[in-house]
Amino acid sequence: SHVPATNTNNGPCLSCSHGWGRCFGRAICCHPHGGCRVGFGPDTAACRRLPAKVLGCGRVATACLGGKGRCASRGICCTADSCETTNGCKDVKFEVKR
């Protein structure tokens, strides 16, 4: 019974980690200011409903890593598979509704 989160750019997105964040990839759950949880654990269980190689609702978010990823949390850039820290993602906005 996950309530969809809302991305200010692109409508509903799949929430994860009991509403803490939203899915950014099949094994990535991110909060705009709280970082990302990566891996196939309980925090990302809801995200496995996403198709492989999809950046979820973040696909229109600010590009990073030379366009290969999108800003998923403050200071963190994610592709559909992994995340890394970056200076380019300082302002990340999407609403996470519980």
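This is a predicted model: local features need pLDDT of at least 70, side-chain atom pairs count only at pLDDT 80 or more; totals for chains, interfaces and linings use all residues.

**Starting from one glycine**

Modeller: Leaving aside residues up to four places away in sequence, Gly 69 touches Thr 62, Ala 63, Cys 64, Cys 77, Cys 78 and Thr 79. A contact here means heavy atoms within 4.5 Å. Residues are numbered from 1 along each chain as its sequence is written, and side-chain values use heavy atoms, with hydrogens and water left out.

Biologist: Is Gly 69 buried or exposed?

Modeller: Gly 69 is buried, because its relative accessible area is 0%. Buried means under 20% relative accessible area, exposed means over 50%, and partly exposed is in between (1.4 Å probe, protein chains only).

Biologist: And which strand does Gly 69 lie in?

Modeller: Gly 69 lies in strand E8. Strands are DSSP runs of E with at least two residues, helices are runs of H or I with at least four residues, and both are numbered from the N terminus.

Biologist: Where is Gly 67, then?

Modeller: Gly 67 is in the loop between E7 and E8. Its relative accessibility is 44%, so Gly 67 counts as partly exposed. From Gly 67 to Thr 79 there are 12 residues in sequence and 9.5 Å in space, C-alpha to C-alpha.

Biologist: OK, strands. How many helices and strands are there in the protein?

Modeller: The protein has 0 helices and 10 strands. Along the sequence, that reads β-β-β-β-β-β-β-β-β-β.

Biologist: What order do the strands of the open sheet have?

Modeller: The order is E7-E8-E9-E10, an open sheet of 4 strands with antiparallel pairing. Strands E7 (63-64) and E10 (83-85) stand at the edges with a single partner strand each, so one side of each is left without a neighbour in the sheet. Two strands pair if DSSP finds at least two bridges between them.

Biologist: What holds paired strands together, in general?

Modeller: Strands of a sheet pair through backbone hydrogen bonds, either parallel or antiparallel.

Biologist: And how many bridges are there between E8 and E9?

Modeller: Strand E8 (residues 69-73) and strand E9 (residues 76-78) pair over 3 bridges, in the antiparallel sense. Ser 73 stands opposite Ile 76 in E9.

Biologist: Changing topic: how many disulfides does the structure hold?

Modeller: The structure holds 6 disulfides, a disulfide being a pair of cysteine sulfur atoms within 2.5 Å. If you number the bonded cysteines in sequence order, the pairing goes 1-3, 2-6, 4-5, 7-9, 8-12, 10-11.

Biologist: Which parts does the pair Cys 64 and Cys 77 tie together?

Modeller: First the bond: Cys 64 and Cys 77 form a disulfide with their sulfur atoms 1.9 Å apart. Cys 64 lies in strand E7 and Cys 77 in strand E9, so the pair ties together parts that are 13 residues apart in sequence. Both Cys 64 and Cys 77 are buried. Their link is right-handed, with 90 degrees about the S-S bond.

Biologist: What about Cys 78 and Cys 83?

Modeller: A disulfide joins Cys 78 to Cys 83, with S to S at 2.0 Å. The torsion about that S-S bond is about 100 degrees, so the disulfide of Cys 78 and Cys 83 is right-handed. Cys 78 is buried at 0% relative accessible area, whereas Cys 83 is partly exposed at 26%.

Biologist: And how far apart are the sulfur atoms of Cys 30 and Cys 36?

Modeller: They are 2.2 Å apart in that disulfide. The torsion about the S-S bond of Cys 30 and Cys 36 is about 110 degrees, so this disulfide is right-handed. Cys 30 is buried at 0% relative accessibility, and Cys 36 is partly exposed at 22%.

Biologist: Last one: what lies over the face of Trp 20?

Modeller: Arg 37 does, at 4.0 Å from the ring centre. A charge sits over a ring if NZ of Lys or CZ of Arg is within 6 Å of the ring centre and within 35 degrees of the ring normal.
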